[in-house]
Amino acid sequence: MSTAPTVATGTGRGSSRDLLRLGAQKRLKRRILLVGLIFAVLSGLLGWRLVELQVMEPDRYLERGLAQRIRTVTLPAVRGAIVDRNGVDLALSVPRRSVVANPGMIEDPAGAAMALAGVLGTDIDVLEARLSSQRSFVYLDRQVEDEVADNVMALDLSGVYAQPEQARLRPGDGSALALLGRTDIDNNGISGLELIYDGLLSGTNGEMIVEAGLGGSTIPGGEYRVEPAEQGLTLVLTIDRALQFEAERLLADGVEAAGGKGGVLVAMRPESGEILASATVTRGDDGVVRPSTEHKVATWTFEPGSIMKPLTMSAILETGTAAPDTVREVPDSVFVHDSDFKDSFPHGTEQWSVADILRQSSNVGTILWAQELGEEALYRQLLDYGLGSVSSLGFPGEARGILTPVGKWSGTSLPTIAIGQGVSTTPIQMLTAFATMANDGRRPAPTLVRGSLDDGGVFTPTQTGDQIEVVSPGIARSVVSMMEAVVSDGTGTQGQVPGYRVAGKTGTAWKPLAKGGYGEDRDEVRYVASFAGFLPAEAPELVILVVVDEPARQTYSGGRAAAPIFSDYAQFAVRQLRIPSEFERTGLNQVGRVMATTPARAFDLQAAEETALAVVG
Amino acid sequence: MTAVVRPAGRSEAYPDRGTRSSATSKVATSSRPAFGAMGALTVFGLFVALLAMASLHSVLVSGQFEFDALQDRLEYGQERSQVLREEVARLESPSRILSAATGRLGMTPPPNRLYLPAVVPGDPLRPLPGPSENPFSLRVR
């Protein structure tokens with residue numbers, strides 16, 4: 001059985017209450033509707049905003065989000081070191097910090113400048129000016145020592161930071177500075193080998209892209225990409241640090257003793273053309289002789305004087321004009337074109353062989369033979385020796401020297417050029433010419449770089465230039481024999497090295513004046529004294545050229561000013577290079593090699609041994 | 001006053017517990033624990049999975065921290081190596097040794113130098129023998 005619900009009805013006070021209740025219900029409904037509407041509108045707006053963010057322009061917000069998390073760090077490539085032939089560091093980059101500031105964040109520039117001045121050792125006014133700058137980044141001091149950077153950070157100055165950088169240092173102070181060159185503050189090569197091999201030394205910066213959190217820590221599993229920096233290669237030079245240092249020291253002492261204005265000493269291995277030492281010294285305004293910043297071995301030209309005579313003699317022998325023992329009459333002077341040429345010492349008319357002429361360094365005898373040789377043959381021979389053209393060094397600012405073409409020669413060109421005047425050469429050209437004679441007539445290509453080393457220690461040797469045969473081996477050996485007599489019994493006796501047979505030649509050249517000519521009277525004449533030689537004469541392993549610019553009048557000759565420097569240096573060098581003396585070679589039935597004491601030497605010996613074994617095999 | 005309307009046949013549609021058949025009762029009693037066990041297992045499995053994920057994440061985070069720390073140490077080591085390399089080169093440079101010898105140690109260059117041969121006289125291929133003992137090592141008695 002079902003029961004229908006009953007509805008209570010009524011009138012009077014009860015019905016008015018019902019009306020009130022109905023009104024309240026209506027208002028409630030309206031409010032609910034209104035709130036619902038507001039919610040609907042808000043939801044619509046939110047929905048629209050979501051569509052806008054997620055659909056219409058999502059990339060913008062994705063980028064903003066990534067920009068907050070993704071950190072791109074540049075991985076700087078460290079500039080490669082420059083090492084000597086034995087792997088000793090000559091120049092290398094080390095981490096340093098620079099003190100930088102954001103002036104906008106500094107409230108009290110004067111106070112900050114005062115605090116920093118004591119630590120950095122910089123003038124307060126300079127620092128205050130930088131800290132008051134309108135820029136957002138200023139350097140206060142660059143590449144300071146770690147201790148200084150730590151002290152600056154300890155000051156806890158707002159807006160002052162330490163920024164890591166690389167500084168280029170040369171542990172040997174000023175040694176080989178002219179050769180190595182310099183870099184600017186940003187580690188770009190600006191001179192010397194630093195400039196020539198800038199591309200090889202610089203390397204390429206890398207990049208690390210990493211997703212980092214608030215504290216800078218890496219978000220695990222996040223974006224992490226590394227493109228490693230390609231470090232600069234290490235440049236391995238042919239220079240030997242000990243030989244370089246001793247060359248600079250002995251040359252400075254020698255120039256000081258000779259009262260010279262400056263000097264050059266350069267040493268080379270004749271077989272390979274490797275330069276072992278290249279020193280340039282100059283007398284400063286304070287009168288002290290010290291290593292120069294200019295690599296004059298390649299950039300300076302001078303009239304070589306009598307060290308040219310072996311080159312002239314080799315042309316005379318090579319063309320068959322004369323033999324070493326061919327004798328001719330040599331008077332005290334000879335008149336050519338419009339000039340009178342004399343020897344440096346008075347003598348009567350002598351019967352001298354070609355060897356005697358070289359031993360006595362006779363200008364007259366050389367000129368007489370050169371006239372028989374002829375202009376064209378002499379010119380060609382000098383060109384073959386490398387005069388008048390830049391060497392294979394490729395050094396910035398390298399000079400060509402002056403060797404005028406035969407067509408432009410005057411009536412006195414032949415006699416003057418034959419004795420080394422009226423022609424200018426660089427020290428490296430003359431050294432290479434002497435190395436040619438020491439190398440059985442084959443001209444080596446001078447080089448300063450053995451090769452490069454990469455990060456993994458893989459060595460890549462430098463391509464060396466081809467050797468050019470200038471004179472036949474027999475003629476070269478004849479000239480060497482004649483030059484031996486110069487040192488044993490001629491003008492170069494002070495170039496002797498105890499225990500070793502030395503071949504060499506002295507040179508005493510007149511130096512051209514700025515106004516032209518060589519000077520009218522004796523007081524005005526300036527000299528360039530030189531000595532070029534090699535040892536052991538029987539199997540040359542080391543060629544050395546010493547030039548003293550403007551020695552004092554008492555010691556102006558090559559035999560007095562330059563030969564003693566050669567001797568002192570050679571005595572040191574033969575020990576350093578382990579070149580056996582004549583005594584040590586006694587009984588030796590093969591090319592003398594004693595022992596390998598340096599890595600470079602060991603490398604040479606190992607290569608030679610492997611070649612020999614391959615031939616035998 | 002509210003009236004309650006109930007459909008007819010209440011006793012059939014809503015049987016009392018005591019009137020249920022024994023078969024229905026058996027099914028109910030056997031499926032309930034199975035669902036409960038499965039639910040518990042699922043919850044447990046989820047918990048274990050979450051725990052494993054949390055553990056893996058913590059391992060990942062600590063690994064990342066370690067990696068970052070090693071990277072920092074590597075960079076520091078490389079920088080330190082460069083600094084020490086420069087210091088070694090500076091300390092062994094001939095100019096520093098010469099200035100220390102002639103300055104701080106008061107040494108003077110000898111007037112003459114005596115060079116000793118490095119090879120057995122007459123046999124250039126054989127170097128001179130070294131000292132029998134290392135003269136620079138400390139001997140412990």
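How are helix 3 of chain A and helix 5 of chain A oriented to each other? I started my notebook on this predicted model with that one.

**Entry 1: the helix pair**

I looked up helix 3 (residues 109-120) and helix 5 (residues 146-154) of chain A, and they pack at an angle of about 160 degrees. Their axes are 9 Å apart. Angles over 145 degrees count as roughly antiparallel, so helix 3 of chain A and helix 5 of chain A are roughly antiparallel to each other. I also noted the handedness: helix 3 of chain A passes helix 5 of chain A in a right-handed crossing.

Next I wanted to see who touches whom. From helix 3 of chain A come A:Leu116, A:Val119 and A:Leu120. They meet A:Val148, A:Asn151 and A:Val152 in helix 5 of chain A. Sorted by class, this contact has five nonpolar residues, one polar and no charged ones.

**Entry 2: the sheet**

Then I went for the strands. I found an open sheet of six strands in chain A, in the order 11-10-9-22-21-20, with antiparallel pairing. At the edges sit strand 11 (289-291) and strand 20 (503-511) of chain A, each pairing on one side only.

I zoomed in on one pairing. Strand 21 (residues 526-535) of chain A runs antiparallel to strand 22 of chain A, and eight bridges join them. There I picked out A:Phe534, which stands opposite A:Val543 in strand 22 of chain A.

What lies across strand 20 and strand 21 of chain A? I found helix 17 (residues 473-489) of chain A there, running at about 75 degrees to strand 20 of chain A.

**Entry 3: a hairpin**

I also checked strand 13 (residues 333-336) and strand 14 (residues 339-342) of chain A, which run antiparallel and are joined by four bridges. The bridge partner of A:Val336 is A:Ser339 in strand 14 of chain A. Two residues lie between the strands of this hairpin, and A:His337 takes a positive phi near 55 degrees.

**Entry 4: confidence**

How far does the predictor trust all this? Chain A averages a pLDDT of 87, and 92% of the residues score at least 70. Among the elements of chain A, strand 22 (residues 542-549) has the highest mean, 96, while helix 20 (residues 599-616) has the lowest, 61. I marked residues 1-10 of chain A, where pLDDT stays under 50 and the model has five contacts beyond four places in sequence. I marked residues 587-597 of chain A too: pLDDT is below 50 there, and the stretch has 22 contacts beyond near neighbours in sequence.

Definitions and conventions
Residues numbered from 1 in each chain as written. Chains lettered and ligands numbered in written order. Predicted model: local features only at pLDDT ≥ 70, side-chain atom pairs only at ≥ 80, totals over all residues. pLDDT = per-residue confidence, 0-100. Contact = placed C-beta atoms within 7 Å. Pairing = 2+ DSSP bridges. Axes fitted to C-alpha atoms, helices over the stretch in contact; angles between N-to-C directions. Parallel < 35°, antiparallel > 145°, perpendicular 65-115°, else oblique. Left-handed = near helix turned anticlockwise from the far one by under 90°. Nonpolar A, V, L, I, M, F, W, Y, C, P; charged D, E, K, R; others polar.
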